[in-house]
Amino acid sequence: MTAAPAPARLLRRALRAPQADRGNALPAGAWWLWALGLATAASRTTNPLLLGLLVGVAGYVVAARRTDAPWARSYGAFVKLGLFVVALRVVFSVFLGSPIPGSHTVFVLPELPLPDWAQGVRIGGRVTAEQLVFALYDGMKLATLLICVGAANALANPARLLKSLPGALYEVGVAVVVAMTFAPNMVADVVRLRTARRLRGRPTGGVRAVAQIGLPVLEGALERSVALAASMDARGYGRTAQVPAAVRHTTNVLTLGGLLGVCAGTYGLLAAQGAVYGLPLLLAGLVTALAGLRLGGRRSVRTRYRPDRWGVRAWLVACSGAAVAAVMIWAGAADPDALRPGVVPLTAPVLPLWPAAAALIGLLPALVAPVPPSSSPGAGKQAHRSKELA
């Protein structure tokens with residue numbers, strides 16, 4: 001066999017994902033942009049094949065690039081929550097009815113008579129296959145959104161996400177990060193306590209077991225809250241610099257106006273009727289909000305230790321999610337029937353080629369993102385460092 005030429009070897013070496021460490025770990029914002037891109041794509045379709053493909057993409061990336069940190073174990077909880085949402089949506093459709101007309105009756109429930117002021121609402125009655133399929137599609141869409149958010153929670157380090165926030169949002173960011181960290185830590189505590197009870201031969205199910213597990217979980221959450229409050233007080237949390245009143249008022253106007261523009265633009269992108277004005281309004285809101293946040297950062301006196309750097313790999317991860325969302329939005333305008341299969345009459349969903357190919361772009365982080373120590377050879381020597389990586 002002949003050796004590969006030097007340029008080919010250099011190209012393969014450049015594209016090979018390195019082992020993650022403090023210096024090359026991806027910023028948390030890159031993972032969140034990737035996950036929000038997948039979520040935006042999921043919000044544009046009810047095709048179960050595309051939704052399943054997006055869930056598979058998110059799950060594969062999480063399996064390939066998550067660490068052994070406590071927050072990385074929360075992905076399974078989000079998957080279970082998504083399945084619960086699907087089941088709940090179908091149950092609501094069965095018992096509360098649906099506006100979707102249908103001719104294929106599956107079964108008939110006893111209908112509860114309601115007063116005249118409750119017209120348009122029914123409990124029980126005829127259940128059709130069309131309404132069940134519509135409820136299933138709608139529930140799968142909501143479940144996919146939750147799973148995409150769960151992927152971001154499993155891959156992004158909350159502490160690194162806090163470091164990347166602008167100074168004007170530092171106080172709000174601390175509250176959000178603490179709230180985001182509470183759920184994964186609580187899940188990890190529950191798993192640890194259930195495992196300990198199972199090893200001791202004690203039951204892990206039932207009301208009594210839940211009560212005995214819940215008390216240590218709440219106690220651990222309280223201890224973490226007290227420790228966090230003490231560390232924040234020791235670091236001088238809450239100190240601000242003196243800023244003129246005119247600067248404060250300008251900052252408030254720019255930030256509030258920009259955030260309103262972002263909300264209106266996002267709604268326009270997610271709604272089929274507002275796709276024309278959604279993108280310009282979103283861009284204008286982002287520029288205005290960033291200007292306000294930049295101006296409001298003057299009141300923050302904190303410094304940053306080892307700030308996150310956005311390298312080529314971070315931009316590839318973020319842009320892969322944006323590419324999936326952009327192609328799905330374009331496909332929704334070009335061929336809406338493929339992305340939203342009809343249920344009246346019942347038709348089998350078809351997998352559209354270009355949206356499916358675009359969803360596979362979301363697999364790029366599994367190739368370019370740094371490999372965590374738990375997924376590479378020699379993981380046992382560096383497992384104690386995995387909690388510091390995203």
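Contact here means heavy atoms within 4.5 Å. Keep that in mind for the whole talk.

This is a predicted model. Take contacts between residues at least 6 apart in sequence: 79% of them join residues at least 24 apart.

Now the overall make-up. The protein has 15 helices and two strands. It has 390 residues, and 37% of them are buried. Its accessible surface is about 22,200 Å². Carbon and sulfur atoms account for 68% of that surface.

Next, the inside. The largest nonpolar core holds 40 residues. Which of them touch the most other members? Trp31, Trp34, Leu38, Leu54, Tyr75 and Val317 do. Several helices give two or more residues to this core, among them helix 3 (48–65), helix 5 (129–155) and helix 11 (312–334). Helix 2 (28–43) is on that list too. Helix 2 gives the most, with ten residues.

Let's stop at Leu54. Set aside its neighbours within four places in sequence. Leu54 is then in contact with Leu38, Ala41, Ala42, Thr144, Val324 and Ala359.

Last, the record. An unreviewed UniProt entry lists seven stretches under "transmembrane region": 48–65, 77–100, 168–191, 253–270, 276–293, 314–333 and 353–371. I checked two of these against the model. Residues 48–65 are 100% helix and 0% strand, with end C-alpha atoms 26 Å apart.

Key: Residues are numbered from 1 along each chain as its sequence is written. This is a predicted model: local features need pLDDT of at least 70, side-chain atom pairs count only at pLDDT 80 or more; totals for chains, interfaces and linings use all residues. Side-chain values use heavy atoms; hydrogens and water are left out. Helices (H or I, at least four residues) and strands (E, at least two) are DSSP runs, numbered from the N terminus. Buried means under 20% relative accessible area, exposed over 50%, partly exposed in between (1.4 Å probe, protein chains only). Accessible areas come from the Shrake-Rupley method with a 1.4 Å probe; for residues, only the protein chains shown count as cover. A nonpolar core is a set of buried Ala, Val, Leu, Ile, Met, Phe, Trp, Tyr and Cys residues joined through side-chain atoms within 4.5 Å. UniProt positions are given in the numbering used here, feature names are shortened, and annotations may be inferred rather than shown by experiment.
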